[in-house]
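Dear colleague,

Please find below the structure that I am handing over to you. My notes on its aromatic rings follow.

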Amino acid sequence: MYRELAKAAFGYPIIDNHAHPFLKSKHRDSIRYEVLISEAHGDALDDAVHTLPCLRAAAQLSQLFGLTGDDATWEGVKKKRLEFDYAELCKLCMEPTGIQCILFDDGLGGIAEMAEDLNWHDQYTGNPSKRIVRLEVEGQNILQDILVANDDSPLSIDSLWGEFLKEFTTCMNDAAVDDHVVGYKSVACYRTGLDVDPAPCSADELFKCLASASQQFKEKGSIRFEHKALNDHLVKIVLDIAGKCKKPIQFHTGLGDNEITLTKSSPAHMQPIIKAFPDTIFVLLHSSYPYTRDAGYLTSVYKNVYLDFGEIFPFISADAQRTVVREVLELAPTNKILWSTDAAWWPERFYLATAQAREVIYEVLASFVGKRDLTEDQAVSIVKMAFFENANRIYMLGLQPNVNILSPQL
């Protein structure tokens, strides 16, 4: 046991640089609980209960909920959590985390209908929550509103494009000067892949994409931007704005559900666009798993690239988590790594992500200290940077670490 390292790993406050809101109490059982430990959808979730991450999560939540013996199972956890008053459950899970501030992406499907407002979560943190703007969702909403407003006399495609582009750019610029917004996010990885083309798109290509999206709304009543030229163009607009206002832009990379084309989810595809926007801060989310080394390489050779080692807690096994953290540290400068829960829907996800991350970062860094690759003081410094200081700096939060925030339960 390295005492000072343990004190930092298990007790230093955290800035969660990427998460999604809690469900409201009345919706607490509206989403299948296995989503807590898997990115799978539909029938594939049936198999999630047979994974090491699920078995580990069941054991940890059983301990938190006071379950023992035959009750300490995944099904036992699911039953017990519904016996708690929701406010009591949230407090039980959040108090031990030591999370001081959460940066929320509120663009996930279902949040508007079922989740709490962002600042509702402030009761469980030391500082007010902040917002990350998901650009594709904002764009979809803007186009949909324009189409509805002009339903009686539809605009020509060039007029529609002009109106959409004006409103989208205004929205992104407004976010740049909004103190509640600390960054942007793109889910290009889910839509058309991370190979964003830095070259300008032709007007004909963009008009075709917009016409297709408009037809989609006419047929389905909703819009999902999945048109490469349009998606790439919007990303480049926001990259330019983000560079000027110095607010980071997060990119989903790697680990995701079956809507991702896995071969296009490696951040290695992003080299051309990273080069094209050297003044913009790129944050590669989710450890880029299973492409962590690709991400670490990018952080080492581009000044404007940072790596978040989140979502792997609790989605992969403990041994795999240790491997990923080691891979992050192989090349990534330690002043350029961040951490997040990527939690969504339930407070249990915040608890599991934090408990597992604290344990793993201690074990990995302690092994380096034991081998004399690091001094204990250097390891402590890495913990503080990864959990708090780096995010505090690049998102310009201006926070001071509240070292009294963490409950001794963890």
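In these notes, a residue is called buried under 20% relative accessible area, exposed over 50%, and partly exposed in between, with a 1.4 Å probe and protein chains only. By that scale, Trp120 is partly exposed because its relative accessibility is 24%, whereas Tyr124 counts as buried because its value is 15%.

Please note that the model is predicted, that local features need pLDDT of at least 70 and side-chain atom pairs pLDDT 80 or more, while totals for chains, interfaces and linings use all residues. Residues are numbered from 1 along each chain as its sequence is written, and side-chain values use heavy atoms, with hydrogens and water left out.

The structure holds 16 aromatic pairs (rings of Phe, Tyr and Trp, the last by its six-membered ring, with centres within 6.5 Å; planes under 30 degrees apart are stacked, over 60 edge-to-face, the rest tilted). One of them joins Trp120 and Tyr124 edge-to-face, at 5.6 Å centre to centre and 65 degrees between the planes. Another, between Phe164 and Phe168, is stacked, with 6.0 Å between centres and 25 degrees between planes. Both of these Phe residues, Phe164 and Phe168, are buried. They lie four residues apart, about one turn, in helix H7 (residues 157–176); helices are DSSP runs (H or I) of at least four residues, numbered from the N terminus.

Trp120 and Tyr124 also belong to one aromatic cluster with Phe22 and Phe350.

Finally, the charged end of Lys80 sits over the ring of Phe84, 5.5 Å from its centre (NZ of Lys or CZ of Arg within 6 Å of the ring centre and within 35 degrees of the ring normal). Lys336 likewise lies over the face of Tyr306, 5.5 Å from the ring centre.

Yours sincerely

Definitions and conventions: Helix = DSSP H or I, 4+ residues; strand = E, 2+ residues; numbered from the N terminus.
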